[in-house]
Amino acid sequence: MTGQVRGVQLARLLGQWHALPGRRRSPDYAALAGAVRGLLADGRLPLGVRLPAERELAEALRISRTTVTAAYRHLRETGHLASRRGAGSWTMLPGNHRVASTGLWTPLDDRDMIDLGAAAPAAPPQLLAAARAAAEDLPRYLGGAGYHPTGIIELREAVADGYTARGLPTSADQIMVTSGTQHALDLVLRLALAPGGSVLVESPTYPNALAALAGRRARITTHGLAADADGWEPDLLLGSLRQTRPKLAYLIPEFQNPTGHLMPAALRERVVAAAHAVGTDLVIDESFVDLPLDGTELPPPVGVYDRHSRVISIGGMSKAYWGGLRIGWVRASAPQVQRLAAVRVGVDMASPVLDQLVAVHLLAEADAIVADRRVELVAQRDALLGALAHRLPDWRVTVPRGGVTLWAELDGPVSSALARAAEEVGVRLAPGPRFGLDGTLERFLRLPFTLPAADLVEAVGRIAAVRYDLDRTGRQRWREPAVIA
Ligand SMILES: Cc1ncc(COP(=O)(O)O)c(C=O)c1O
């Protein structure tokens, strides 16, 4: 058992369960049970948590207790709930299927599935040669123990040079190499956020960042992003910072995941000034900074405006290079890097030397690799946009000027139901609510354009087919949950 979810929390997660498609055909209790199964299926409701008492949930949802009783009974019958008299009811999976209760899940090894849950591309062709060259370099390191908590010096230098080239002078002692950007975020949170600390995040935002924040039991407030090109509403964002005075704010200014928005230079400067004024640390996730498309000019890095070591930047190689490398980094002040290294040795000691050497070779060819990647992404994005305009013309999308995702506004609050139906026809989707804290993003769907164009077009065709079936059938079958990246 990992804990308890309260009535109001579950009600928030359930969002607009009563308005989901197919409702006209199913009784309230079945719809409620289906919505709870949906939350379990996409990981928003962990396994082994205790659900609220029937009366409490009935009050939170403003429905009759009989409906909740029947829904819980239904969930017990389908194997999604275990109850003990007097002790309560816990979430579980049918057939005693056991998985971690973190909300992260192992993907099905299903080659016929078109996976639009992960927003990350396949490796570039240069990777193999880089790996061979790295193996040749390895003897230089074999005489030592191989533990480099802040990373091998040649990779730290290469990453520092990248920041300097972007207009943010950086030395190697300001860089710590990590095993991916997610690892970087976790370490920074361990350093900068006491358990239960307050954090401001964008909504929607990257789901695994929410998972990392949940790990710190952070008290999260959100700043809602507009779906259209405006993105951050500057006065609202600055107002939120001033009013809530969070300990930390986590922002993704370059081609935000999932919306694709790019924060303008003027707002970057104002955010840093406001953060300094209220004592907020800024964690700036630059995962997509290498991927401006259509010749879009990047504003200066947020760190350029930082005079007081308020900004910690994190980034990595998963989006422009390959997620399987597991190479990321933190850019901070040199003393902060030393403190991070002290935290890190309590977690994993250091990143693998061989992988870091591969990264060094890839970064030496950054210009060519990234240029090819951008050409590929533009072609895939345009194929996806074309297919959407043709097959789902009622959906609204803003063309992102970079990154790897579209944030589509749907023709109804159907995202979770659509994701469940799409699994049935071999398309895995990351529904809108996965990118928020409550059930309010049902009108949105994140669509990455990291797969080959033909797969994207095929996926849209299948999604369009199930979209039109949805209102008529409203089927809600159990599916195993999947990784969102
Ligand atoms: C905004 C953001 N941060 C972090 C990550 C995790 O990246 P990594 O594979 O480098 O850990 C992702 C991956 O999707 C992301 O989109």
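A polar contact is a pair of N or O atoms within 3.5 Å; inside the protein, one atom must be able to donate a hydrogen and the other to accept it, and residues adjacent in sequence count only if both atoms are side-chain atoms. This is a predicted model, in which local features need pLDDT of at least 70 and side-chain atom pairs count only at pLDDT 80 or more, while totals for chains, interfaces and linings use all residues. Residues are numbered from 1 along each chain as its sequence is written, and side-chain values use heavy atoms, leaving out hydrogens and water.

**View 1. Thr 170 sits in the loop between helix 7 (153-165) and strand 6 (175-178).** Helices (H or I, at least four residues) and strands (E, at least two) are DSSP runs, numbered from the N terminus. A polar atom of the Thr 170 side chain lies 2.7 Å from the backbone oxygen of Leu 168. Is Thr 170 buried or exposed? Thr 170 counts as buried because its relative accessibility is 11%; buried means under 20% relative accessible area, exposed over 50%, and partly exposed in between (1.4 Å probe, protein chains only). Leaving aside residues up to four places away in sequence, Thr 170 touches Ala 160, Tyr 163, Thr 164, Ile 175 and Arg 331 (contact means heavy atoms within 4.5 Å).

View 2. A polar side-chain atom of Lys 319 is 2.5 Å from an oxygen atom of the ligand, and a polar backbone atom of Gln 182 is 2.9 Å from a ligand oxygen atom. A nitrogen atom of the ligand lies 3.2 Å from an N or O atom in the side chain of Ser 287. How much of the ligand does the protein cover? On its own the ligand has 400 Å² of accessible area, and the protein covers 95% of that (Shrake-Rupley method, 1.4 Å probe).

**View 3. Trp 407, Phe 435 and Phe 444 are linked into a cluster by ring pairs.** Rings of Phe, Tyr and Trp (its six-membered ring) pair if their centres lie within 6.5 Å; planes under 30 degrees apart count as stacked, over 60 as edge-to-face and the rest as tilted. Trp 407 and Phe 435 are edge-to-face, at 5.6 Å centre to centre with 75 degrees between the planes. The rings of Trp 407 and Phe 444 are stacked, because their centres are 5.2 Å apart and their planes are at 0 degrees. Trp 407 lies in strand 13 and Phe 444 in strand 16, so this pair ties together parts 37 residues apart in sequence.
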